[in-house]
Amino acid sequence: LPRRLFDRRPYMGIKPSYMDETLRSVALAACRAALKPLVRILLKHGVMHREFVELSKQVYVEIARDDYGIRGRPTNVARMALLTGMDRKEVTRVKTQLERRADDVSSSTPQQGQDRITRVLSGWHQDREFIDDGGKPLVLSLDGPVPSFAALVKRYGGDVPASTILRELKRTGTAHVADDTVHVLRRNYRLDTVDAAALSRAGSVLRDIGQTVAHNLYRGPRAESRFEARATNVQIPPWALPAYRKFVYAEGQAFLEKVDAWLTAAEIPEQEKADSGAQRIGLGLYWIQSGEATE
């Protein structure tokens, strides 16, 4: 291995000759690597092998149904059976489960709730009506006109009640309430404890990374690649980790704040979103470490 690796080259659709012979085994090896952190999460919470098998069947049918239809139509049962290797009866059973689950899903998903909290925090740190002359977030009264916490949530939180967002900010140590005023303690919304919301966020992070990697692998010749890069070094001693942590948290947070400011400036009002084709975009940074060396 070279001492330094800086890899940001997306797959360009050019297949070396060996890929036709080994692509299936390479795909399985890549899946094995990607599954390890997922299985660690599942075992931590008592999810057994049979439950995972059932879940994988649902995902197979869902992707076969949505991605392999002809002329924009959902894939039929016969084609899904051919693609997934399941018989038609099993495909029909799983497809019915998926349809029932879709009917039961609330319109406000955990991801949407987390995104709205992030928007509230962004507004609190960027909106001129909610910051002081030095650019610091104001201490807000709970209710009343701008600047108040209720007004902030009304502007940036969509239809989520201010009390709900405040409860979550307090629970995660992001904000503090004293004498009917709200103090923000940090810019970013983190879920440090392993609870339902933290697990939901973990799934969305892994999904985001996976979707970008898959897009770059299989995008068409006219589709733009999505930025995905790594900067790694294989010769870093354990004693360097504290300095690395300090550097990454400072520089990474500063960069994400710039990205957040750009996204905030480009967003459209909530009431215009439905007819505009607006979508979720963003950028994520993640720590890479091969071992469990102590600092």
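The following legends describe close-up views of a predicted model.

**Figure 1. Overview of the protein chain and its secondary structure.** The protein chain contains 9 helices and 5 strands. Read from the N terminus, the elements follow the order β-α-α-α-α-α-β-α-α-β-β-α-β-α. Of the 295 residues in the protein chain, 20% are buried. Among contacts in the protein chain with a separation of 6 or more, 56% are made by residues 24 or more positions apart.

Figure 2. The structure contains 13 salt bridges, and one of them joins the side chains of E54 and R93, with a distance of 3.1 Å from N to O. E54 belongs to helix α2 (residues 49–67) and R93 to helix α4 (residues 88–104), so this pair ties together parts of the protein that are 39 residues apart in sequence. How accessible are the two partners? E54 is partly exposed, at 21% relative accessibility. R93 is also partly exposed, and its relative accessible area is 31%.

Figure 3. R93 and E90 are 3 residues apart in helix α4, so about one helical turn separates them. E90 has a relative accessible area of 18%; because buried means under 20%, E90 counts as buried.

**Figure 4. The crossing of helices α2 and α3.** Two packed helices are described by the angle between their axes and by the distance between those axes. The axes of α2 and helix α3 (residues 77–84) come within 9 Å and cross at roughly 125°. At this angle, α2 is oblique to α3. Which residues make the contact? From α2, the contact involves Y60, V61, A64 and R65, and from α3 it involves M80, L83 and T84. The crossing of α2 and α3 is right-handed.

**Figure 5. An open sheet of 3 strands.** The strands are arranged in the order β2-β4-β3, and their pairing is antiparallel. Strands β2 (140–141) and β3 (175–178) stand at the edges with a single partner strand each, so one side of each has no neighbour in the sheet. The antiparallel pairing of β3 with strand β4 (residues 181–184) extends over 4 bridges. Within this pairing, H176 has H183 in β4 as its bridge partner.

**Figure 6. The loop between strands β3 and β4.** D179 is located in the loop between β3 and β4, and D180 is found in this loop as well. D179 has a positive phi of about 50°, although D179 is not a glycine. D180 is likewise a residue other than glycine with a positive phi, in this case near 60°. Are these residues buried or exposed? D179 is exposed, with a relative accessible area of 76%. D180 is exposed too, and its relative accessible area is 57%. Both values can be compared with the cut-off for exposed residues, which is over 50%.

**Figure 7. Helix α6 and the residues around it.** The peptide bond from V146 to P147 is cis, and its omega is near 0°. Which residues of helix α6 (residues 149–156) are buried? They are F149, A151, L152, V153 and Y156. Just after α6, G158 adopts a positive phi of about 65°.

How values were computed: Residues are numbered from 1 along each chain as its sequence is written. This is a predicted model: local features need pLDDT of at least 70, side-chain atom pairs count only at pLDDT 80 or more; totals for chains, interfaces and linings use all residues. Side-chain values use heavy atoms; hydrogens and water are left out. A salt bridge is a side-chain nitrogen of Lys or Arg within 4 Å of a carboxyl oxygen of Asp or Glu. Helices (H or I, at least four residues) and strands (E, at least two) are DSSP runs, numbered from the N terminus. Buried means under 20% relative accessible area, exposed over 50%, partly exposed in between (1.4 Å probe, protein chains only). Two strands pair if DSSP finds at least two bridges between them. Axes are lines fitted to C-alpha atoms, for helices over the stretch in contact, and angles run from 0 to 180 degrees between N-to-C directions. Angles under 35 degrees count as roughly parallel, over 145 as roughly antiparallel, 65 to 115 as roughly perpendicular and the rest as oblique. A crossing is left-handed if the near helix is turned anticlockwise from the far one by less than a right angle, and right-handed if clockwise. Contact means heavy atoms within 4.5 Å.
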